[in-house]
Amino acid sequence: MFVSVGRWCARRPKRTIAAWLLLLLALGAAVALCGRVTSEAVSIPGSDSQAAADAARAFPGSASGKQPLVLHTGAGGADLTSAGARDAVAAAARDVAGVDHVVAVTTPYEGAGRAAMSADGHTAFLSVELDVTDRDITPEVTRRIVDAARPAEAAGIEVTPGGSLAAAADKGSTRHSEIIGLLAALAILWFGFRSAVAATVPLIAAVVGLGVSLSVVGLLGHLMDMPSAGSTIAAMIGLGVGVDYSLFCLTRFRELLGDGASVEDAAALTTAASGKAVAFAGCAVVAALASLALGGLPLLHALALAPGIAVLIAVAATLTLLPALFALLGRSLAPTPVAAAPAASAAATASGPAASDAVALRPAVSDAAAADVPALGTVAPDAATAPGPAVSDAAAGGGWRRVAERVARRPWRHLIGALLLVAVLAAPAARLTFGQLDGGDKVSSTASRTAYDRLAGAFGPGVNGPLQVTDALPDPASGPTDPRVTKVADALTDTPGVAAVGPAQLSPDGRTARWQVTPATAPGDPETARLVHRLRETTLPAATADTGHGAHVSGAPAAQLDLNDRLSRRLPAIIAFVLVIAALLLLLAFRSVVVAATAAVLNLVSVAAAYGVLTALFQQGWGAGALGLDGPVPIPGYVPLLMFAVLFGLSMDYEVFLLSAVREAHLKSGDHRGSVITGLARTGGIITSAALIMVCVFLSYLLSDDPVVKMFGIGLATAVALDATLVRGLLVPAAMILLGKANWWLPGWLDRALPRIDIEGGDHAPPPGPATEPEPVAEAEPDPEAAPPVTVRKT
């Protein structure tokens, strides 16, 4: 199938490219027409916060609730209670009320809004209600509301959006990060291929695939709650794997051209071999992401779906768009012959294996085979026609061959040393805790941070994360003074950690009561989480005992606490699921129980180290200033969980390419130690190049103002860098050398039960040439001086 797809696209390159461009334009037009929609709403089925949120639907109100528009004057400015300020604020409120989607504006001078004026009179806020949900509040809506408040700004009052208005205003584009990542990839590819045309091909495929996937993810926001981090993660993963997959295929294509294959045959055979391996690796990433469905949370479903779509589209572009580009560019992608060094010339003419390991020649036949980075796809003159071997194992991947040989000489030393280094990096992860980000963790230049600081300074830190206590009554309440209502209100007021309790609100039918509770601490403060536990476990059960009704606690701090608790409980199951899936895929690919189990376990090494770095840099604040942060920030529970799934999937790529080369060498020679050395020598260069590209892409996202994006960038970059060097370069080779023959152990019953899967393609042998008659062999003339033939008769 793969060879047929590759050949079909190679024979119709313009039609294939046009189809991708039309798809990209159609999706882009749909996004321009409908817009990209994101939502930070968190739904946690079965949780206490979700029960409170469901009960609160009995109250009428706007779709987005009340959004603050913060008003502030400096210490030397006019008091907001002065006549001039009151007139300016009132005029601003009237203009804001006339903006599309705004249904009501409450000023701090009205009875319902008097609590929105600070004691010193220098900070207040307008409560803006809209007829759209939080996810439909766009940056344009926020801009119009702020522009409408110009009468207040003209009077010297600073106006800053808060809440969902600020979140929309702070939605910055990651396009600059993507451009930087692409430029870094271009530099690495050019350095490796020494060809501008060859270096550009992987970027074209990756950019087209990225554009399609981001459009799809943006449109999905209309159908489900898609957090803004979803599209960012999709861009990071889609761009990284898009370039990597294209790099592997391009290297194979250039090898085939160098071997003399036609352009069409080379494109078809590349799709059959490297394309099949890419499809296997992509499915491994998607399978790992699918494990997040075990979390039972819509948030995890969305965060897994976004990068999963990006990976599948990257695979589709590699299997279809890339062969079309190969056919269109043709021989301009062929490797450029390089002048061979004297050692290489000697190797080419020797009758035995070459001795030099400093010369990079093209690999033999392995899918993942490649020389070191500076010589990707170059071909030594006459290498294919020399009397000796076309490519010597000693001549391929010189730098990585030396590493492999050192590991083979002292495997225990390298295994223990690498594990100790990982242990040092992973040590901070022992203190990893799941927390909640709030506006105070944003970069100081953002609207969210400005509004947060001003409200916290004027009203206390808890005003930025109020709690909602909802009580469903079995019988309608007689009014706010109903004993059942006042008993709960008094209990809330007397609870330690509560700064203020708002007046009770009753639903129109009187069956539901609601209070707004302001904590004395910030939303992300651990004391706020303890307050939520205190309310749920002590205060509310005592206040509602023997009444036939129960109260629930919601609000952003409560919802985040429930989310982290749910993730903590589901984390072991998700890890176990990913480990089993990874081991099964590797078992099917390489038919070895030991290889599958060892690889799955060693994949945990890079993940553990990434967790340690993440904990040290963000939770403990080591070097936070260098990351653009003001200090330590908590790590949301979904970040490590999503990182685990993504990293396990990505590490399978490098595992497949390395083990494919080792297995091929082992099947040819039967030498356990030599096959490991050969496999690492052949794949070390291209794995390093691919990992370097992905690391540059991930690190470029550190320019984002969002702490979550920074976490994903540094965590993924750390893990990929360690996986491609420490794990694939030291741990895996050392373990395989120590295990020796046991590496390929497979019980007979399991061998018979397992289906046979050739991830390198068993259907890609070059098509036979035209049949020719064998040349007649001339009969030799008898030599008169030769000794007569001796006839031996059996008696």
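Guide: Here is a short tour by topic. Keep in mind that this is a predicted model.

Visitor: How far apart are the end C-alpha atoms of H2?

Guide: They are 32 Å apart. Helix H2 covers residues 13-34, and its 22 residues at 1.5 Å a residue should span 32 Å, so the two agree.

Visitor: Which residues of H2 are buried?

Guide: Pro13, Thr16, Ile17, Trp20, Leu27 and Val31. They cover an arc of only 100 degrees around the axis, so they sit on the same side of H2.

Visitor: And what is exposed on the other side of H2?

Guide: Lys14, Arg15, Leu22, Leu25, Ala32 and Leu33.

Visitor: What do the buried residues of H2 pack against?

Guide: Three helices: H1 (2-11), H9 (196-220) and H12 (298-329). Just after H2 comes Gly35, with a positive phi of about 85 degrees.

Visitor: Sheet next. What's the strand order?

Guide: S2-S3-S1-S4, in an open sheet of 4 strands with antiparallel pairing. S2 (102-106) and S4 (158-161) are at the edges; each has a single partner strand, so one side of each lacks a neighbour in the sheet. From one strand to the next, the twist averages 25 degrees.

Visitor: How many bridges do S1 and S4 pair over?

Guide: 4 bridges, in the antiparallel sense. Val70 stands opposite Thr160 in S4.

Visitor: Which strands does H4 lie across?

Guide: Helix H4 (residues 83-97) lies across S1, S2 and S3, at about 165 degrees to S2. Helix H5 (residues 139-148) packs on the sheet too, touching S1, S2, S3 and S4. The direction of H5 makes about 130 degrees with that of S3.

Visitor: Now charges. How many salt bridges?

Guide: The count comes to 20. One of them joins Asp265 and Arg7, with the closest N and O atoms 2.9 Å apart. That pair links helix H11 to helix H1, 258 residues apart.

Visitor: Is Asp265 buried or exposed?

Guide: Asp265 counts as buried, at 19% relative accessibility. Arg7 is buried as well, with a relative accessible area of 19%.

Visitor: What does Glu158 meet in a salt bridge?

Guide: Arg454, at 2.2 Å, N to O. Glu158 lies in S4 and Arg454 in helix H16, so the pair ties together parts 296 residues apart in sequence. Glu158 counts as partly exposed, at 38% relative accessibility.

Visitor: And Arg449, what's its partner?

Guide: Asp630, at 2.8 Å, N to O. Arg449 is buried at 14%, while Asp630 is exposed at 57%.

Conventions:
Residues numbered from 1 in each chain as written. Predicted model: local features only at pLDDT ≥ 70, side-chain atom pairs only at ≥ 80, totals over all residues. Heavy atoms only, no water. Helix = DSSP H or I, 4+ residues; strand = E, 2+ residues; numbered from the N terminus. Expected span 1.5 Å × (residues − 1). Buried < 20%, exposed > 50% of the residue type's maximum accessible area, 1.4 Å probe, protein only. Arc of directions from axis to C-beta. Contact = heavy atoms within 4.5 Å. Pairing = 2+ DSSP bridges. Axes fitted to C-alpha atoms, helices over the stretch in contact; angles between N-to-C directions. Salt bridge = Lys/Arg side-chain N within 4 Å of Asp/Glu carboxyl O.
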